Amino acid sequence: MKKTMLAFAASMLCIATGASAQSTVQISGTSDIYVGSMKMAGDGDRRNVVNSGGLTTSWFGFTGTEDLGGGLKAKFQLTSFLQTDTGTQGRFTGDTFFSRDANISLSGGFGSVLLGRWMAPNFLPSVVANPLGDSFTFSPLILHMDVPLFNATGWPATVPSDTGWSNQIAYTTPDIGGFKANLQYQFGEQNGDSGKKNVGANFFYFGGPLTLTGFYERAQISNPGQGTYLGTTKKDWMLGGAYDFKMVKPYLTYGQSKADNSDVKAKTLQVGASAPIGAGALVASWAKTKLSGADMDRKTLTVGYDYNLSKRTDVYAMVMNDKITHYNSGTSYGVGIRHRF
């Protein structure tokens with residue numbers, strides 16, 4: 001695998017060097033690592049760690065665009081997650097190599113059509129509607145939606161099928177006065193039952209200081225990789241927004257998730273804010289997920305500061321408290337550095 005990737009990287013560099021003015025290939029990514037003392041709700045012991053992905057899951061990859069003329073462009077994305085602390089590929093054991101992106105698209109005045117693995121409808125709305133972005137370590141909203149707890153609590157993620165979908169076709173509308181939407185369909189590719197699938201949509205509105213977003217998903221197939229049948233149909237949705245008052249930017253989201261084979265419905269509320277201070281920003285976010293039909297809820301609060309050393313490099317410090325009904329609470333601390341290239 002290493003030799004294959006080195007050969008692939010070398011070929012991409014050759015293409016980039018020899019590309020015409022109408023074609024570009026780029027190597028880019030983010031490396032994020034932190035030192036922390038972590039204890040989630042229900043954990044028996046505290047873990048002192050040097051871990052990857054405090055504010056952003058580390059990744060690297062290749063993207064390219066070719067101008068086909070007449071306003072038509074072709075684009076490819078091949079990007080892979082990376083654990084900076086160990087050099088291990090992927091987000092977790094068994095993650096596919098290009099689990100972040102593996103797709104080709106055509107775009108023009110009609111919008112764009114994409115084929116392959118790409119973001120699920122849930123991902124980007126959850127990122128733009130909370131002040132800690134796509135932090136799978138410290139963002140309360142992302143933790144509640146996407147990260148199950150493998151401890152005594154058995155707390156599940158509310159998102160039914162990962163933050164990325166394989167085998168999908170996605171249509172993105174043109175930008176119309178700051179409004180844009182995505183319609184997404186993941187083929188189940190199940191032998192003997194081709195009707196199993198994932199469908200979803202999301203939207204974004206960026207109008208000056210105002211941001212509005214939301215998504216809806218109906219999922220029957222797991223991810224990443226080829227995927228398997230979930231055994232039921234799971235539906236989830238969220239609406240969110242933010243408004244930049246310059247001195248402070250408040251965030252608000254609300255969403256629900258439910259499986260057809262369960263009476264339990266997860267209802268998640270998140271409020272947050274960011275405020276510029278010096279060359280950085282003070283950030284805070286609180287999320288509560290209530291499991292209706294079960295005597296249990298989860299509350300998570302994070303407060304921190306993110307300081308920009310440059311346009312591409314920042315350092316951060318975060319404190320997080322996590323509580324689940326009937327279990328001991330946990331408090332986590334972390335300081336880290338993130339570099340985009």
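How many residues lie between β6 and β7 in the hairpin that they form? There are 2 residues between these two strands. Strands (E, at least two residues) and helices (H or I, at least four) are DSSP runs, numbered from the N terminus.

The model is predicted, so local features need pLDDT of at least 70 and side-chain atom pairs count only at pLDDT 80 or more, while totals for chains, interfaces and linings use all residues. Residues are numbered from 1 along each chain as its sequence is written, and side-chain values use heavy atoms, with hydrogens and water left out.

**Stop 1: the strands**

Select β6 (101-108) and β7 (111-119). They pair in the antiparallel sense over 7 bridges; two strands pair if DSSP finds at least two bridges between them. Asparagine 103 stands opposite glycine 116 in β7.

**Stop 2**

On a 1 Å grid over the protein atoms alone, a pocket is an open set of points with protein on both sides within 12 Å along at least five of seven lines, a cavity is a set where a 1.4 Å probe fits but cannot get out, and lining residues have an atom within 4 Å of a point. Grid points are joined across faces, edges and corners, and a volume is the space filled by probe spheres set on the points.

The second largest pocket holds about 1,000 Å³ of space. Select Gln77, Asp101, Trp118, Met119 and Leu124, the closest to its centre among 41 lining residues. β7 gives the largest share of this lining, 6 residues.

**Stop 3: the second largest cavity**

Keep Trp118, Met119 and Leu124 selected, for they also belong to the lining of the second largest cavity. Its volume is about 30 Å³, and α2 provides the largest share of the lining, 3 residues. By class, the lining has 7 nonpolar, 3 polar and no charged residues. Here Ala, Val, Leu, Ile, Met, Phe, Trp, Tyr, Cys and Pro count as nonpolar, Asp, Glu, Lys and Arg as charged, and the others, Gly among them, as polar.

**Stop 4: the largest pocket**

Move to Phe136, Asp146, Val147, Pro148 and Phe150, which lie nearest the centre of the largest pocket. This pocket has a volume of about 1,500 Å³, and its lining comprises 21 nonpolar, 16 polar and 9 charged residues.
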